[in-house]
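Student: I would like to learn how to read a model of this kind, feature by feature, with the general idea given before the particular case. Could we start with what counts as a contact?

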Amino acid sequence: MSFKRALVIGASSGIGAEVVRKLLAGGCKVAGVARRAEPIEALGAMAYAHDVTNYDEAPELFDRIVKDLGGLDLLIYNSGVMPEVEEHEYNFDKDRQVLEVNVLGGVNWLNLGAAHMEAQRSGTLVGISSVAGDRGRRGYPAYTTSKAAMTAFLEALRNRLHRYGVHVVTVKPGPVRTPMTDGLELPFIIDASEAADGVLRLARRGTGEGYVPFIWWPIMSIIQRVPSFIFRKTNI
């Protein structure tokens with residue numbers, strides 16, 4: 001499957017910026033959305049400044065982007081935040097920020113893409129979830145919750161839209177070297193460029209969900225089966 005007109009939300013750095021770069025190199029017309037437009041412009045894509053928590057702005061902006069692109073056959077929601085959480089910290093403001101960006105922003109933009117693609121009976125929606133969403137992890141409760149919610153929402157969209165010829169893809173990266181993970185020592189961490197290759201490979205396949213890199217599939221298959229009374233004693 002190839003794409004001619006793509007929209008990437010969360011496109012100014014990390015995985016999103018690499019996805020934009022690779023789509024452009026393949027001849028795709030690309031629009032990027034982020035709080036800062038300048039990094040997207042530097043990539044050579046059409047750039048739109050927008051904070052995904054300004055939910056009421058999204059419908060009008062979505063329509064403008066689709067018009068500017070001349071259509072839409074790929075939408076990728078990549079926006080996400082993961083603030084540091086201390087061992088004894090229970091901070092609602094941080095948790096709300098995570099849920100507003102990672103979940104509500106995603107639901108808003110993916111709904112807009114879903115309605116558009118259902119009407120045209122074609123297209124691909126991609127959401128960036130995470131291996132972190134497969135279990136409730138002690139270190140980042142709101143972040144793991146947000147990724148579990150994204151995984152479930154994308155599965156529901158996939159079940160809802162398949163009859164209309166729309167593909168919905170869930171991508172679950174492991175740790176990726178981005179500003180969000182700067183300074184963290186994480187297993188099997190990969191560069192954003194490698195992660196972007198995985199995202200686009202799964203998008204072109206167009207079905208179901210997948211891990212990036214694939215090594216996380218057997219790892220998470222085991223971790224998901226660890227009983228809770230054992231899992232809670234670990235530090236993962």
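Tutor: Contact means that heavy atoms lie within 4.5 Å. This is a predicted model, in which local features need pLDDT of at least 70 and side-chain atom pairs count only at pLDDT 80 or more, whereas totals for chains, interfaces and linings use all residues. Residues are numbered from 1 along each chain as its sequence is written, and side-chain values use heavy atoms, with hydrogens and water left out.

Student: With neighbours within four places in sequence left aside, which residues is Ile 76 in contact with?

Tutor: Its partners are Leu 7, Val 8, Ile 9, Val 19, Val 126, Ile 128, Val 199 and Leu 200. Ile 76 belongs to strand β4, where helices (H or I, at least four residues) and strands (E, at least two) are DSSP runs, numbered from the N terminus.

Student: Is Ile 76 buried or exposed?

Tutor: Buried means under 20% relative accessible area, exposed means over 50%, and partly exposed lies in between, with a 1.4 Å probe and protein chains only. Ile 76 counts as buried because its relative accessibility is 2%.

Student: How should I read the directions of the side chains along a strand such as β4?

Tutor: In a regular strand the side chains alternate between the two faces of the sheet. In β4, Leu 74 and Ile 76 point one way while Leu 75 and Tyr 77 point the other way, and all of them are buried.

Student: Which strands are joined to β4, and do they run parallel or antiparallel?

Tutor: Two strands pair if DSSP finds at least two bridges between them. Four bridges join β1 to β4, and these two run parallel; within this pairing, Ala 6 has Leu 74 as its bridge partner in β4. Four bridges also join β4 to strand β5 (residues 123-128), again in parallel, and there Ile 76 stands opposite Val 126.

Student: What is a nonpolar core, and which residues touch the most other members of the largest one?

Tutor: In soluble globular proteins, nonpolar side chains tend to be buried together. A nonpolar core is a set of buried Ala, Val, Leu, Ile, Met, Phe, Trp, Tyr and Cys residues joined through side-chain atoms within 4.5 Å. The largest one has 32 residues, of which Leu 7, Ile 65, Leu 75, Trp 109, Leu 110 and Leu 125 touch the most other members. Two or more residues each come from β1 (5-9), β2 (29-34), α3 (58-69), β4 (74-77), α4 (92-120), α5 (141-161) and β6 (166-173), and α4 gives the largest share, seven residues. Apart from this core lies another, of 31 residues, among them Val 20, Ile 76, Ala 192 and Leu 200.

Student: With neighbours within four places in sequence left aside, what is Leu 125 in contact with?

Tutor: Its contacts include Leu 75, Leu 110, Met 117, Leu 157 and Val 168.

Student: Which backbone features in the loops deserve a look?

Tutor: The peptide bond from Val 212 to Pro 213 is cis, with omega near -5°, and Pro 213 lies in the loop between β9 (209-212) and α7 (216-223). Arg 121, in the loop between α4 and β5, has a phi near 60°, a positive value in a residue other than glycine. Phe 188, although not a glycine, has a positive phi of about 55°, and Phe 188 counts as partly exposed because its relative accessibility is 48%.
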